[in-house]
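Reader: I'd like to go through this one feature by feature. Could you give me the general idea each time, then the case at hand?

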Amino acid sequence: MLVQLLTIATIAISGVVAQNATNTTSAVNVTVASVAQAFNAAKIVPDVLPSFNPTALLGVVFTDNTTGASVNVTPGVNLTREQNAIRPQIFLTSNDTSLASQTFVLAMVDPDAPTPQNTSAAQIRHLLAPGLQVNGSLASGATLVNNTPAISDFLRPSPPAGSDPHRYTLLLFVQPANFTTVAPTFVNASTPISNFNISLFAQEVGLGSPIAGNFFLTGPDSNSTNSTNSTSTASGAAGSPTSPGSGTSSAIGRVEMSRVGMGGVATILFAVSSLL
């Protein structure tokens, strides 16, 4: 029994160390190429965009509504509704110094409403914010800030009970000079947020293609009723930025492992020590 417990403890410690190393590597290895790969693997191309060739990285950091902890978004990560309840901070990383003088439009859409299997209400416009400008060094990740009101204020993700996770997609565009006069003819405060089409809107107002993007997955609250175990495009998109098709279960496994972490190892070691 003692040998078995020691073996379990060793495996658990190794698993935690390996998991921590994997998480660190994933954060470091996010590249323009891996983001584009994640968008394609999750079928955001073509479900949201006809193509996606980013030239910069879009950093998205939420503040957990319950704990106050910072939550960094890597493409395809699973987040709870408490983790993404508050409008995130946005960062832009690029070697293109000309972007420092540009103004940007940020959009966030849900292509899976009301469910990934029934997208009759998609896309939902969760945010449409013009007038963002760079504050800081682009090389190290500049904050995007603005003092102008959003066309559509941030709307908290709220997938219905029983739905598979939705792909909440954030896209950053360079804002054309005439955007503030042209955009209101297509979208304003009274325009329904449902059945929006970000690609069509971008074409109509001259936004061009997005220069950066990111996305995350969120399902209903765990205490929601009528949950389902069906597989969908969205639920199959979770994973690390370099392997976005590894599945929701693996992403949930990473979350659960981080929650157990060293606490679970400590419990095992305590059990071992009590036998010595």
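Reader: Which residues of helix 5 are buried?

Author: Buried means under 20% relative accessible area, exposed means over 50%, and partly exposed is in between, using a 1.4 Å probe and protein chains only. In helix 5 (residues 198–205), the buried ones are Ile-198, Phe-201, Ala-202 and Val-205. Looking down the axis of helix 5, these residues fall within an arc of 100 degrees, so they line one face of the helix. The arc is taken from the directions that run from the helix axis to the C-beta atoms.

Reader: What do the buried residues of helix 5 pack against?

Author: Contact means heavy atoms within 4.5 Å. By that rule, the buried residues of helix 5 pack against strand 5 (103–110), strand 6 (124–135), strand 8 (166–174) and helix 4 (179–182).

Reader: Now the loop between helix 4 and helix 5. Is Asn-195 buried or exposed?

Author: Asn-195, which sits in that loop, counts as exposed because its relative accessibility is 51%. Asn-195 also has a positive phi of about 55 degrees, although it is not a glycine. Ser-194 is in the loop between helix 4 and helix 5 too, and at 29% relative accessibility Ser-194 counts as partly exposed.

Reader: What does Ser-194 contact beyond its sequence neighbours?

Author: Leaving aside residues within four places in sequence, Ser-194 is in contact with Ala-121, Gln-123 and Ile-124. The C-alpha atoms of Ser-194 and Arg-125 are separated by 6.5 Å, though the two are 69 residues apart along the chain.

Reader: On to strands. Which way do the residues of strand 9 point?

Author: In a regular strand the side chains alternate between the two faces of the sheet. From strand 9, Ala-212, Asn-214, Phe-216 and Thr-218 point one way, while Gly-213, Phe-215 and Leu-217 point the other way, and all are buried.

Reader: In what sense does strand 9 pair with strand 8?

Author: Two strands pair if DSSP finds at least two bridges between them. Strand 8 and strand 9 pair in the antiparallel sense over seven bridges, and Leu-172 stands opposite Ala-212. Strand 3 (residues 77–78) pairs with strand 9 in the parallel sense, over two bridges; there, Asn-78 stands opposite Leu-217.

Reader: What about helix 2: which of its residues are buried?

Author: In helix 2 (residues 32–41), they are Ser-34, Val-35, Ala-36, Ala-38 and Phe-39. Their cover includes helix 3 (44–47), strand 1 (57–63), strand 8 and strand 9. Just after helix 2, Lys-43 takes a positive phi of about 65 degrees, although Lys-43 is not a glycine.

Reader: Where are the cis peptide bonds, say the one to Pro-46?

Author: That one joins Val-45 and Pro-46, with omega about 20 degrees, and Pro-46 is in helix 3. The bond from Ala-113 to Pro-114 is cis as well, with omega near 0 degrees; Pro-114 is in the loop between strand 5 and strand 6.

Reader: Last one: what is the mean pLDDT of the protein?

Author: pLDDT is the predictor's confidence in each residue, from 0 to 100. The mean for the protein is 78, and 70% of its residues reach 70 or more. Over residues 225–276 the pLDDT is below 50. Where pLDDT is low, the predicted coordinates should not be read in detail.

Note on methods
Residues are numbered from 1 along each chain as its sequence is written. This is a predicted model: local features need pLDDT of at least 70, side-chain atom pairs count only at pLDDT 80 or more; totals for chains, interfaces and linings use all residues. Side-chain values use heavy atoms; hydrogens and water are left out. Helices (H or I, at least four residues) and strands (E, at least two) are DSSP runs, numbered from the N terminus.
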